[in-house]
Amino acid sequence: MTEDHEDPEREEFAHDPVAHAEARAGMTVDDLVAEYGNAGIGATALHEAVDVYAEMIGSDDVTNFFGLAGAMVPAGMRRIVADLIRDGHIDALVTTGANLTHDAIEAIGGKHHHGRDEQPGKSMRDHDEQLRDEEVDRIYNVYLPQEHFALFEDHLRSRVFPECEGTVSIRELTAELGRANAAVNEAEGIDEGAGIAAAASEHDVPIYCPAIQDSVLGLQAWMYSQTSDFSLDALGDMTPLTDLAFDADRAGAMVVGGGVPKNFVLQTMLVAPSAYDFAVQLTMDPPNTGGLSGATLDEARSWGKIEKAGRNASVYADATITLPLVVAAARERVGE
């Protein structure tokens, strides 16, 4: 049997052998994540992400920013985010108009459904042409009947937009959307919870949606503005968001996916006196393309978005798999 021994000429090498992970009955999520720490490659990254996120949400002096991109609500991640808001683990949410659209649809009685990304013996084109004829929209392997968008449009025009007269910030619109979602959800006794925007409205957590135009919510807002005294101030959210960053004792960023939510969360620190002390990103975009969505958080350090001594971790995997694992393990660890 041979062993690796420390060599004074090996500056990068330390004696730290991989211990093979164990998976057994009765393990908690945090137990499993601890085993990930014994392994390598992506398992090591996820283990580190839990360590960082647990410190973020377990420290009273950390202001937590949460970026939520992609189709995370249709994919079934809605309750996880809403519960984090309700339990005080998100101080500001930056998300897409698409996530807010699908969140509202569920709040007022619509549902997303399990579907297929392919059908045996049928081309994807035939598959999607049939869905088009049946008036069903597909998000990979999730289906959404189009009548839910009509329900959403009526919800906006009757309960949300009329309460936002004149020029309002996007944050003010999302707060009104949350209040309306909660009211309908309770009044109609809808089985599904009121969701993300409702939880944020109830707990006074701001929701920022900097690319709201890129969604059905944004399209509806634009159409309503053509015939009503209503418009959105795209810059109106910049001051309260930067104030939150400016006043933070310490700050942490959880970034799910990339795109506008990721950049909006990270760039906030460019006008603050300090930078993020903690950051976790869950993405499938590789860093070697040079795009923002896959850019490492170490790269963000070069911009002054993360402190030189800050803790950060990036996990390159499907966020519908990694987000529940990271959140469950971190919450278990901090007892919340």
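Analyst: In this predicted model, α6 passes α9 in a right-handed crossing. Two packed helices are described by the angle between their axes and the distance between the axes. For helix α6, residues 147-160, and α9 that angle is about 50°, with the axes 11 Å apart, which makes α6 oblique to α9. On the α6 side the residues that meet the partner helix are Phe149, Phe152, Glu153, Leu156 and Arg157, and on the α9 side they are Val216, Leu217, Gln220, Met223 and Tyr224. Sorted by class, this contact of α6 with α9 comprises seven nonpolar residues, one polar residue and two charged residues.

A polar atom of the serine 215 side chain lies 3.0 Å from the backbone nitrogen of glycine 218. Apart from its neighbours within four places in sequence, serine 215 is in contact with Gly97, Ala98 and Thr101.

Phi of aspartate 204 is near 55°, a positive value in a residue other than glycine. Most residues other than glycine have a negative phi. With 61% relative accessibility, aspartate 204 counts as exposed. Glutamate 135 likewise has a positive phi, of about 60°, although it is not a glycine, and its place is the loop between α5 (124-133) and β4 (136-139). The relative accessible area of glutamate 135 is 48%, so this residue is partly exposed.

Turning to α13, this helix covers residues 319-334 and packs with helix α1, residues 29-36, at an angle of about 110°, their axes being 8 Å apart. α1 and α13 are therefore roughly perpendicular to each other. Val29, Asp30, Val33 and Tyr36 of α1 make the contact with Leu325, Ala328, Ala329, Glu332 and Arg333 of α13. By class, the residues in this contact of α1 with α13 are six nonpolar, no polar and three charged. Within α1, the residues Asp30, Val33 and Glu35 are buried, and what covers the buried residues of α1 includes α13 together with α2 (42-58).

A further partner of α13 is helix α3, residues 78-86, and the axes of these two helices come within 10 Å and cross at roughly 30°. That angle falls under 35 degrees, and α3 and α13 are therefore roughly parallel to each other. Here the crossing of α3 past α13 is left-handed. The residues that make the contact are Ile80, Asp83 and Leu84 from α3, and Leu323, Pro324, Val327 and Arg331 from α13. In this contact of α3 with α13 the classes are five nonpolar, no polar and two charged residues. Taken together, α13 is roughly perpendicular to α1 and roughly parallel to α3, whereas α6 lies oblique to α9.

Notes: Residues numbered from 1 in each chain as written. Predicted model: local features only at pLDDT ≥ 70, side-chain atom pairs only at ≥ 80, totals over all residues. Heavy atoms only, no water. Polar contact = N/O pair within 3.5 Å; in protein donor to acceptor, adjacent residues only side chain to side chain. Contact = heavy atoms within 4.5 Å. Axes fitted to C-alpha atoms, helices over the stretch in contact; angles between N-to-C directions. Helix = DSSP H or I, 4+ residues; strand = E, 2+ residues; numbered from the N terminus. Parallel < 35°, antiparallel > 145°, perpendicular 65-115°, else oblique. Left-handed = near helix turned anticlockwise from the far one by under 90°. Nonpolar A, V, L, I, M, F, W, Y, C, P; charged D, E, K, R; others polar. Buried < 20%, exposed > 50% of the residue type's maximum accessible area, 1.4 Å probe, protein only.
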